[in-house]
Amino acid sequence: MSCLKSVCSLLGVVIVSLLSIGALQAATYQHSLKIDKMTFDWSIEGENIAIKISAPTTGWVGIGFNPTDTMKGANIILGLVKDGKVEISDEFGTQITQHVPDAQKGGKDNVTVVGGNETGNTTTLEFSIPLKSGDPNDGVIDPKGNTLVMLAYGPSMKSTRIKHQYAKTITVNLDSGAMK
């Protein structure tokens, strides 16, 4: 009986180790940029882009793609971790300093939440979005071309409707990972 318990214990350790290795491999991304205090990791996965963003806040973090003027015209994804749960909103830049949920402008929420956490004073979100959703509010993200990427985060408050305390727009080739 003692031998059987030892074998079962060893088997349990092996299974947990294999699952941990699989989880670590699933959390890797093709590209990573550190922009000031924010981190933007991503991978192009077929017709989608998998994204991980982190910032030094216990409030919201966000990313936007291809604005035409400041925030106007951008596909914006922002979210936070509230009571241990990830809350993400798919939004559209309606004016240079305003955005609303896609659904309010005839679009659809097409964000697939992967996970997220709040560790210490850092919030991390992981999700994926289609490169070409068909939603007129999203536009098309061409990974081979130059993509304007907006990164932002808000103060340590549990609302995505509070103005950012940090925002920066960069130009990135999402396929190569090169920042222009």
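Student: How many cavities of 30 Å³ or more does the structure hold?

Tutor: Happy to look with you! This is a predicted model, where local features need pLDDT of at least 70, side-chain atom pairs count only at pLDDT 80 or more, and totals for chains, interfaces and linings use all residues. Residues are numbered from 1 along each chain as its sequence is written, and side-chain values use heavy atoms, with hydrogens and water left out.

The structure holds one cavity of 30 Å³ or more (on a 1 Å grid over the protein atoms alone, a set of points where a 1.4 Å probe fits but cannot get out; lining residues have an atom within 4 Å of a point). The largest cavity has a volume of about 40 Å³ (the space filled by probe spheres set on the points, which are joined across faces, edges and corners). Its lining includes Asn75, Asn110, Ile129 and Asp138, and divides into four nonpolar, four polar and two charged residues (Ala, Val, Leu, Ile, Met, Phe, Trp, Tyr, Cys and Pro count as nonpolar, Asp, Glu, Lys and Arg as charged, the others, Gly among them, as polar).

Now the open space. The largest pocket (an open set with protein on both sides within 12 Å along at least five of seven lines) holds about 480 Å³. Of its 22 lining residues, Trp60, Met71, Thr97, His99 and His164 lie nearest the centre. Elements giving two or more residues to this lining are β4 (61-65), β5 (75-82), β7 (98-101), β10 (146-153) and β11 (166-173) (strands are DSSP runs of E, at least two residues, numbered from the N terminus). Ten of the pocket's lining residues are nonpolar, nine polar and three charged.

Note on methods:
Helix = DSSP H or I, 4+ residues; strand = E, 2+ residues; numbered from the N terminus.
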